[in-house]
Amino acid sequence: MDLTGTLAEADWVSHRPAVFGAAYRILGTVTEAEDVTQDVWLRAADADLSEVRDLRAWLVTLAARTSYNVLKSARVRRESYVGPWLPEPLLTGPDTADQVLTDESVGTAMLVVMETLTPAERVALVLHDVFDFPFGRIAEVLGSTPAASRKLASRARARVAAVEERPRASRAETERVLQAFKAAADAGDMAGLVALLDPEAVYTADGGGKVTAARKLVTGAETIALLTARQIELRRPDESRIIEVNGQPALATYRGGRIVWLDTVELAGGRITAFRRLVNPDKLAHLGHI
């Protein structure tokens, strides 16, 4: 694409999902990704693009470089995070047509594993495996060499391989299990809850030190069922509904119109193997009220 002058708004609108998608995968938070996207827009709007041949690649490169700097500066804060960390959920749905915002690389399970990578590994993996960037361009972003960038991506790919190889439950099956879990929880049906959970299921809660939440992983169907039932007794929510986040159904629970927690799950054999509950209000605020 040959461009003269400044960035046309129509061009920005068409490429914005890729810019945001790169930032979100690298950072794992909607708010930081939105900040990066706004920064890219402002910088691109003032730039001379007459020599740019691939606008999408140029914008994504700028987003990746900015996100890399943000992630490095945020590393100390993340390492001192209270309890388990879960990604800030991204609302998706029928109106999210761009695959860069809905494919498996933006799923909750993948982003959880991505958080264990170094900032450089995360950038290399996203740019190469999602956006098909050559290692020479990735090296420019990281201030590295193509060979070193290739090694970073390879090491990161090995870490996320287990997530990519796990069979992914269909949207319909996930929604069915979540609806059944909701019905059992509303009815106080402990046997029903246990039946929906794999005996070796793992429960992860992210309160971020803002609200009460388990600070360690909880395992076992009966223990998880008791824990979730107890939370309903303590917080007394008044409504829950299925919404879509990160390309998959999730169960959002509300009190007084405000979301108090969000549940996402992984399934195997029709049972929940991973149960993730996000209760950190800072990460839920952008989901809005009902």
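Author: A residue counts as buried when its relative accessible area is under 20%, and as exposed when that value is over 50%. Keep those cut-offs in mind as we look at this predicted model.

Reader: Why is N280 called buried?

Author: Its relative accessible area is 3%. The cut-off for buried is under 20%, so N280 is buried with its value of 3%. You will find N280 in the loop between β6 and α11.

Reader: Which residues does N280 touch, leaving out those up to four places away in sequence?

Author: N280 touches Y81, D206, G207, G208 and K210.

Reader: What makes the pair of N280 and D282 a polar contact?

Author: The side chain of N280 reaches the backbone nitrogen of D282 at 3.0 Å. A polar contact needs a pair of N or O atoms within 3.5 Å, and 3.0 Å meets that distance limit.

Reader: And L226, is that residue buried or exposed, and how do you know?

Author: L226 has a relative accessibility of 55%. The cut-off for exposed is over 50%, so L226 counts as exposed at 55%. This residue is found in helix α10, residues 221–235.

Reader: Why is helix α5 said to be largely enclosed by the rest of the structure?

Author: Count its buried residues: 9 of the 12 in α5 are buried, so the helix is largely enclosed. Among them are P119, A120, E121 and R122, and the buried residues also include V123 and L127.

Reader: How do you know that the span of α5 agrees with what a helix should have?

Author: The expected span is 1.5 Å times one less than the number of residues. For the 12 residues of α5, residues 119–130, that comes to 16 Å, and the end C-alpha atoms are 16 Å apart, so the two values agree. Following α5 comes D132, whose phi is positive, near 60 degrees.

Reader: How many cavities of 30 Å³ or more does the structure hold?

Author: The structure holds 1 cavity of that size. The volume of the largest cavity is about 80 Å³.

Reader: Which elements give two or more residues to the lining of the largest cavity?

Author: They are β5 (258–268) and β6 (271–278). The largest share, 3 residues, comes from β6. Residues of the lining include L86, P87, T108, N246 and R276.

Reader: How do the lining residues of the largest cavity divide into nonpolar, polar and charged?

Author: There are 6 nonpolar, 3 polar and 2 charged residues in that lining. As examples, Leu and Pro count as nonpolar and Arg as charged.

Definitions and conventions:
Residues are numbered from 1 along each chain as its sequence is written. This is a predicted model: local features need pLDDT of at least 70, side-chain atom pairs count only at pLDDT 80 or more; totals for chains, interfaces and linings use all residues. Side-chain values use heavy atoms; hydrogens and water are left out. Helices (H or I, at least four residues) and strands (E, at least two) are DSSP runs, numbered from the N terminus. Buried means under 20% relative accessible area, exposed over 50%, partly exposed in between (1.4 Å probe, protein chains only). On a 1 Å grid over the protein atoms alone, a cavity is a set of points where a 1.4 Å probe fits but cannot get out, and a pocket is an open set with protein on both sides within 12 Å along at least five of seven lines; lining residues have an atom within 4 Å of a point. Grid points are joined across faces, edges and corners, and a volume is the space filled by probe spheres set on the points. A polar contact is a pair of N or O atoms within 3.5 Å; within protein, one must be able to donate a hydrogen and the other to accept it, and residues adjacent in sequence count only if both atoms are side-chain atoms. Contact means heavy atoms within 4.5 Å.
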